[in-house]
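Please work through the following exercises with the sequence and the model at hand, trying each task before reading its solution.

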Amino acid sequence: MFLFLEEAAPQGNMISMIIMFAAVIAVMYFMMIRPENKKKKEAEELRANLKKGDNITTIGGIVGKIVNIKDDRIIIETSEDQVRMELLKWAVMTNNTAEKEKAKRQADAKEAAKKAKEERAKRKTQKDNEL
């Protein structure tokens, strides 16, 4: 009686739909979930590597020098008047000391690469002059 409602769906459409669904999930993973997890891991590493004497910036924009570190808290001095504040570690956004050191290492590496390039060019010029 309702035979006209029971049309057989082609098998190819179902497979292509499953493939498209899997592709959308894969794109969402690589574009949204994976970068977010990477950022969380970097933030946890930054907070775990804090040490006494580091200059930091908090999420609220407070800049200070770490004076003491406890389990999940840090104490910072925010000015020359030695105003001290106790903050939770999760409030730390950047470690300015580590960023300066990283920038210095990168500048040193660029300088070394430049010197090596100049030395190679100098040797090549000497070799060409010998011929």
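**Exercise 1. Determine how many helices and strands the protein chain has, and whether the chain is spread out or compact by the globule rule.**

Solution. In this predicted model, the protein chain has two helices and five strands, and from the N terminus on these elements follow the order α-β-β-β-β-β-α. The next step is to set the radius of gyration of the protein chain, 29 Å, against the 14 Å that the globule rule gives for 131 residues; the value is well over the rule, so the chain is more spread out than a compact globule. Along its principal axes, the C-alpha trace spans about 90 × 70 × 20 Å, and buried residues make up 15% of the 131 residues.

**Exercise 2. Classify the one aromatic pair that the structure holds.**

Solution. A pair of aromatic rings is described by the distance of the centres and the angle of the planes. The structure holds one such pair: the rings of Tyr29 and Phe30 have their centres 5.1 Å apart and their planes at 80°, so the pair is edge-to-face, given that angles over 60 degrees count as such. Tyr29 is partly exposed, with a relative accessible area of 38%.

**Exercise 3. Describe the lining of the largest pocket, and find which helix gives the most to this lining.**

Solution. The largest pocket, with a volume of about 320 Å³, is lined by 13 residues, of which Leu46, Asn49, Asn95, Ala98 and Glu99 lie nearest its centre. Both α1 (11-48) and α2 (96-130) supply at least two residues of the lining, and α2 gives the most, with five residues. By residue class, the lining divides into three nonpolar, three polar and seven charged residues.

Terms used:
Residues numbered from 1 in each chain as written. Predicted model: local features only at pLDDT ≥ 70, side-chain atom pairs only at ≥ 80, totals over all residues. Heavy atoms only, no water. 1 Å grid on protein atoms, 1.4 Å probe; cavity = no way out; pocket = protein on both sides within 12 Å on 5 of 7 lines; lining within 4 Å. Points joined across faces, edges and corners; volume = space filled by probe spheres on them. Helix = DSSP H or I, 4+ residues; strand = E, 2+ residues; numbered from the N terminus. Nonpolar A, V, L, I, M, F, W, Y, C, P; charged D, E, K, R; others polar. Phe/Tyr/Trp six-rings, centres within 6.5 Å; stacked < 30°, edge-to-face > 60°. Buried < 20%, exposed > 50% of the residue type's maximum accessible area, 1.4 Å probe, protein only. Rg over C-alpha atoms; globule rule 2.2 N^0.38 Å.
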